[in-house]
Amino acid sequence: MRLKHFVDLTIPMTLVVVAVSAVVGGMLAAGSVPSSREFLFSAVSFVLVMAAFNTINGIFDIRLDRISKPHRPLPAAKITPRAAWRFYAVLAAVSSLLAYFANPYVFIIILGVIILSILYSSPIAWLKRHLILNTVIVTACYSILPLLTGWIVY
């Protein structure tokens, strides 16, 4: 298990959208490029929570990914499911901690995204099965909420 495999598990290209959304939200609210510690914590927190979201989704989709995406780290057995669960827990915990130090509203949003990631990906509710909910959740988590989080700090 190499670091590269864990990074690949988070689907880094999607995290760029999250980071840009947070920066745009901060810029709109601050009127310039945001540079406060609170903003940095909130933006990094959101990138990490979405990395956790992608990780848990990969854990629950391992059977499907064996067919459609066999090159991904879990179906290719480059990472064990147990290691992926630990990685998810670390990402969620660090994200929550950063959000806590950033802003109470950001912390609440991050906790909500963690809960939503579980409900979206797991068979508990498996919200991604529903086209409308799937679209709303993905749009909210990858662009609207990071934008709002960047704006909240200012």
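Colleague: At roughly what angle do the axes of helix 3 and helix 5 cross?

Modeller: Bear in mind that this is a predicted model. The axes of helix 3, residues 37-60, and helix 5, residues 81-102, cross at roughly 155 degrees and come within 8 Å. Since angles over 145 degrees count as roughly antiparallel, that makes helix 3 roughly antiparallel to helix 5.

Colleague: And the crossing of helix 3 and helix 5, left-handed or right-handed?

Modeller: The crossing of helix 3 and helix 5 is left-handed, and the contact between them has 20 nonpolar residues, along with 4 polar and 2 charged ones.

Colleague: What about helix 5 and helix 6, how do their axes cross?

Modeller: The axes of helix 5 and helix 6 come within 7 Å, with a crossing angle of roughly 160 degrees, and the two helices are therefore roughly antiparallel to each other. Helix 5 passes helix 6 in a crossing that is left-handed.

Colleague: Switching to the surface, which residues make the nonpolar patch?

Modeller: The nonpolar surface patch, of about 560 Å², is made by M13, V16, V20, V24, L28 and L147.

Colleague: Which helix gives the most to that nonpolar patch?

Modeller: Helix 2, residues 12-30, gives the most, with 5 residues, and V24 is found in this helix.

Colleague: Last topic, charges: how many salt bridges does the count come to?

Modeller: The count comes to 3 salt bridges, taking a side-chain nitrogen of Lys or Arg within 4 Å of a carboxyl oxygen of Asp or Glu as the criterion. One of them pairs D8 with K4, where the closest N and O atoms are 2.7 Å apart.

Colleague: And how are D8 and K4 placed in helix 1?

Modeller: D8 and K4 are 4 residues apart in helix 1, residues 3-9, so about one helical turn separates them.

Methods: Residues are numbered from 1 along each chain as its sequence is written. This is a predicted model: local features need pLDDT of at least 70, side-chain atom pairs count only at pLDDT 80 or more; totals for chains, interfaces and linings use all residues. Side-chain values use heavy atoms; hydrogens and water are left out. Axes are lines fitted to C-alpha atoms, for helices over the stretch in contact, and angles run from 0 to 180 degrees between N-to-C directions. Angles under 35 degrees count as roughly parallel, over 145 as roughly antiparallel, 65 to 115 as roughly perpendicular and the rest as oblique. A crossing is left-handed if the near helix is turned anticlockwise from the far one by less than a right angle, and right-handed if clockwise. Ala, Val, Leu, Ile, Met, Phe, Trp, Tyr, Cys and Pro count as nonpolar, Asp, Glu, Lys and Arg as charged, and the others, Gly among them, as polar. Patches are made of residues with over 30% relative accessible area and no salt bridge: like charges are joined within 9 Å, nonpolar side chains (Val, Leu, Ile, Met, Phe, Trp, Tyr) within 5 Å. Accessible areas come from the Shrake-Rupley method with a 1.4 Å probe; for residues, only the protein chains shown count as cover.
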